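The sequence and structure come before the points.

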Amino acid sequence: MDKDLLKHFNISDELKSIAEKVYNSERITFEEGVLLFEKGELNFLGSLANHIREKKHGDITYFNKNFHIEPTNICVFDCKFCAYSKLIREKGDYDAWEMDEEKIYETVRSYDNTDITEVHIVGGVHPKMGLQYFANLIKNIKEIRPEIHVKAFTAVELEYMCRKAKVSYKEGLKILKDHGQDSLPGGGAEIFAEAVREEICKDKCSSEQWLAIHEAAHELGMPSNATMLYGHIESYADRIDHMNRLRELQDKTGGFNTFIPLKFRNGNNQMSHINEVSVLEDLRTYAVSRIYMDNFPHLKAYWPMIGRETAQLSLAYGVNDIDGTIDDSTKIYSMAGAEEQNPNMTTEQIVDLIKKVGRHPIERNSVYDTVNDYGEEAMQEA
Ligand code: SF4
């Protein structure tokens with residue numbers, strides 16, 4: 001958006017000065033971030049976020065081709081927002097699962113002769129699946145498919161694995177890296193503000209531990225992502241505090257690729273009494289994230305969670321990545337009432353979805369190298 005268009009917004013001097021900073025590529029402060037949430041109207045936030053998005057990426061919108069393996073949903077923890085896990089005592093429940101190893105390898109082999117580039121492995125924290133088990137699992141997956149990128153284990157799973165194996169985070173991650181793990185997903189961050197964390201997921205890894213694990217991964221040259229669970233009992237200041245802790249770590253390591261705000265869904269969990277926020281609030285959250293997280297290269301909307309149309313809209317509010325074509329292989333969000341119950345989109349569908357809102361689709365690998373360019377010009381040249 002042209003800077004002059006700002007004149008068309010009837011905004012306070014405080015918001016105007018934030019806009020000036022954005023147009024001058026200056027970082028905004030904590031207080032200014034909170035103010036954007038409190039006072040920024042959707043169109044205003046969208047204009048600023050889109051300015052940053054287009055400056056960083058133009059019209060490019062990334063997606064990738066991946067599949068998910070969720071080895072188990074049995075978990076030693078009991079997060080109140082989780083609709084997915086089963087406690088060990090519920091092991092016999094019809095919807096509890098533990099995949100045996102052979103089944104996992106079969107799943108990997110089922111993608112032979114496909115152009116999938118990534119496997120995303122996360123699950124519950126099972127007391128019997130430890131560091132060595134997962135290290136061997138990754139090694140065997142890489143033997144089946146050497147070129148696949150293994151993005152695996154949230155910091156919550158890693159904290160438990162390392163604790164049980166009595167190794168430091170760096171030692172544990174080094175073992176996994178040596179067996180073939182390439183990067184870390186961003187899950188388990190939820191909201192860093194300790195008082196909220198105590199309410200919604202008090203028994204799992206602390207915010208400090210989450211950040212220490214990602215810092216250790218970055219030091220080992222393993223990139224990672226970061227999520228934020230929003231729209232439950234957290235305040236706007238809690239959201240900015242979360243982003244701020246990530247922004248500080250990114251200043252130090254530069255190891256994060258993508259920030260992924262995740263909407264709280266209230267289906268089938270212990271927080272079902274809390275109303276979900278509106279699509280408007282989703283878009284505002286994407287926009288403020290794009291404005292605040294100035295050192296994160298990418299902002300992702302996870303389309304199975306918010307649905308295809310909101311994902312399309314989000315591309316005008318700072319988002320430049322809508323995740324993968326994903327096979328029908330993840331249950332984490334569908335069990336909590338996400339928009340997509342059987343999330344899968346073909347390449348053609350995802351390309352079409354991006355083009356319909358005037359953006360340029362690019363299939364990326366896990367570290368944002370171009371795999372296929374589906375822009376008009378690239379298609380004509382081909
Ligand atoms: S959110 Fe993760 S750690 Fe928490 S109960 Fe669910 S599976 Fe376990």
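1. The model is predicted. It holds 11 aromatic pairs. Two of the pairs are described below.

2. The ring centres of Phe77 and Tyr160 lie 6.2 Å apart. Their planes make an angle of 85 degrees, and since an angle over 60 degrees counts as edge-to-face, the pair is edge-to-face.

3. Phe77 sits in the loop between strand 2 (66–69) and helix 4 (101–109), while Tyr160 belongs to helix 6 (residues 155–165).

4. Phe192 lies in the loop between helix 7 (169–178) and helix 8 (194–201), and Trp210 lies in helix 9 (residues 207–219). These two residues are 18 residues apart, and the pair again links distant parts of the chain.

5. Phe192 counts as buried because its relative accessibility is 0%. Trp210 has a relative accessible area of 0% and is buried too.

6. Phe192 and Trp210 are members of one aromatic cluster, together with Phe256, Phe259 and Phe296.

7. Two arginines lie over ring faces. Arg247 is over the face of Tyr292, at 3.9 Å from the ring centre. Arg364 is over the face of Tyr368, at 4.4 Å from the ring centre.

Methods: Residues are numbered from 1 along each chain as its sequence is written. This is a predicted model: local features need pLDDT of at least 70, side-chain atom pairs count only at pLDDT 80 or more; totals for chains, interfaces and linings use all residues. Side-chain values use heavy atoms; hydrogens and water are left out. Rings of Phe, Tyr and Trp (its six-membered ring) pair if their centres lie within 6.5 Å; planes under 30 degrees apart count as stacked, over 60 as edge-to-face and the rest as tilted. Helices (H or I, at least four residues) and strands (E, at least two) are DSSP runs, numbered from the N terminus. Buried means under 20% relative accessible area, exposed over 50%, partly exposed in between (1.4 Å probe, protein chains only). A charge sits over a ring if NZ of Lys or CZ of Arg is within 6 Å of the ring centre and within 35 degrees of the ring normal.
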